[in-house]
Amino acid sequence: MNLKELSKNLGLSQTTVSRALNGYPEVSAETRERVQQAASKFQYRPSNRAKGLATGKALTIGHVIPTSTKHEMVNPIFGDFIAGAGEAYARQGYEMILSIVDDSAEEQVYRGLKSRKSVDGIVVHGPLINDSRIPLLVELDLPFAVHGRSSNCTLPYTWLDVTNRRAFERATAYLIELGHRRIALINGIEIMDFACRRRAGYEDALTAAGIPIDPALMRSDEMTEDYGCISTRALLAMPDPPTAILCSSMIPALGIRRALDEAGLRMGHDVSVITHDDALSYLKNSDDIPIFTSTRSSVRDAGRELAEMLLHAIANPGQPPQTKLLEAELIVGRSTGPAPRKD
């Protein structure tokens, strides 16, 4: 049964039925009760479009993915984030749309979403150190929340991030405590804010321990399994190869393990590895003793919490933006051990 049929059955206008189902105060308690009973009897569930007509909202959240990062659509990290966000949207009657757009057209897409009132809010993914999307969305007065932060943006905005710098400082310090002095970093693209912060944490720990920062031990690129493998092969071919590797994602960490296996080296014995582990649903770091020592946080939880923050901002316009920093735990697994002795 649709709204028109339910309204006809009740002898009421579609507007009255819609407003009754959405709790508008101008509808009498008696009429509201009558409409709700009929909706339950006929198993009527209002569509988001119908709700939108009654409330003036789209009841939709937009996720805009530039084509330069379209790999995110098949990335298990992105998938878990969307799953967590989707749980929060569903509880409050919202849907989401995912749009893949050419980078050059991204501003036009945001302006179009605003002018057409297609969405009530936007989630910004993969913020850069200098991210032009944030001032644009502030200018458009379109509610938004950022998964991460943009270091050089001074405008107030809603964001949720992980303690990237502190986590990688702690991870590097742990390797130093194990006796490692040649510690490599396989990082994400360093115009990305998270990658910049992780490199800073790594360098902080080296400096505190009096270990020279060696650019030859650092790699930065898109975080694929192949990137992890190729980078590790190159590092192992150095005259003085690293005894430990710090990695920004579980995905390239799998490539690191592949390269170590190819070289006949044992992870955790010959070369120690620490990775960032997002506690992924479909790429688990083992259930009992973790395969990798990791700085762990749940990206699914992050998706749910950021979605709730955005929905709060939409429901409470004019309130100050919320911010939240999640702590990443250091989980010790089988991939780390004391630095091997030199003969």
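This is a predicted model: local features need pLDDT of at least 70, side-chain atom pairs count only at pLDDT 80 or more; totals for chains, interfaces and linings use all residues.

Let me continue with the overall picture. The protein contains 12 helices and 12 strands. Its C-alpha trace spans about 90 × 40 × 30 Å along the principal axes. Of the 343 residues, 48% are buried. Among contacts with a separation of 6 or more, 69% are between residues 24 or more positions apart. As for charge, there are 39 positive and 42 negative side chains, and the centres of the two sets lie 6 Å apart.

I now turn to helix α6, which comprises residues 106-116. Which of its residues are buried? They are E106, Y110, G112 and L113. These residues lie on the same side of α6, because they cover an arc of only 160° around the axis. As a general point, an α-helix has 3.6 residues a turn, so residues three or four places apart point the same way. On the other side of α6, Q108 and S115 are exposed. The cover over the buried residues of α6 includes the strands β1 (60-66), β2 (95-101) and β3 (121-124), together with α7 (133-140). After α6 comes K117, which has a positive phi, near 55°.

Is I134 buried or exposed? I134 counts as buried, because its relative accessibility is 0%. Apart from neighbours within four places in sequence, I134 is in contact with F144, V146, S150, C153 and Y157. Between the C-alpha atoms of I134 and V123, which are 11 residues apart along the chain, the separation is 11 Å.

My last stop is S335, in the segment that comes after β12 (329-331). S335 is buried as well, with a relative accessible area of 0%. What does S335 touch, if residues up to four places away in sequence are not counted? The list is M267, G268, V271, S272, V273, I291, F292 and T293. With T293 there is also a polar pairing to point out: a polar atom of the S335 side chain lies 2.7 Å from the backbone nitrogen of T293.

Notes: Residues are numbered from 1 along each chain as its sequence is written. Side-chain values use heavy atoms; hydrogens and water are left out. Helices (H or I, at least four residues) and strands (E, at least two) are DSSP runs, numbered from the N terminus. Buried means under 20% relative accessible area, exposed over 50%, partly exposed in between (1.4 Å probe, protein chains only). A polar contact is a pair of N or O atoms within 3.5 Å; within protein, one must be able to donate a hydrogen and the other to accept it, and residues adjacent in sequence count only if both atoms are side-chain atoms. Contact means heavy atoms within 4.5 Å. The arc is that of the directions from the helix axis to the C-beta atoms. Lys and Arg count as positive and Asp and Glu as negative; His and the chain ends are not counted. The place of a charge is taken as NZ of Lys, CZ of Arg, CG of Asp or CD of Glu.
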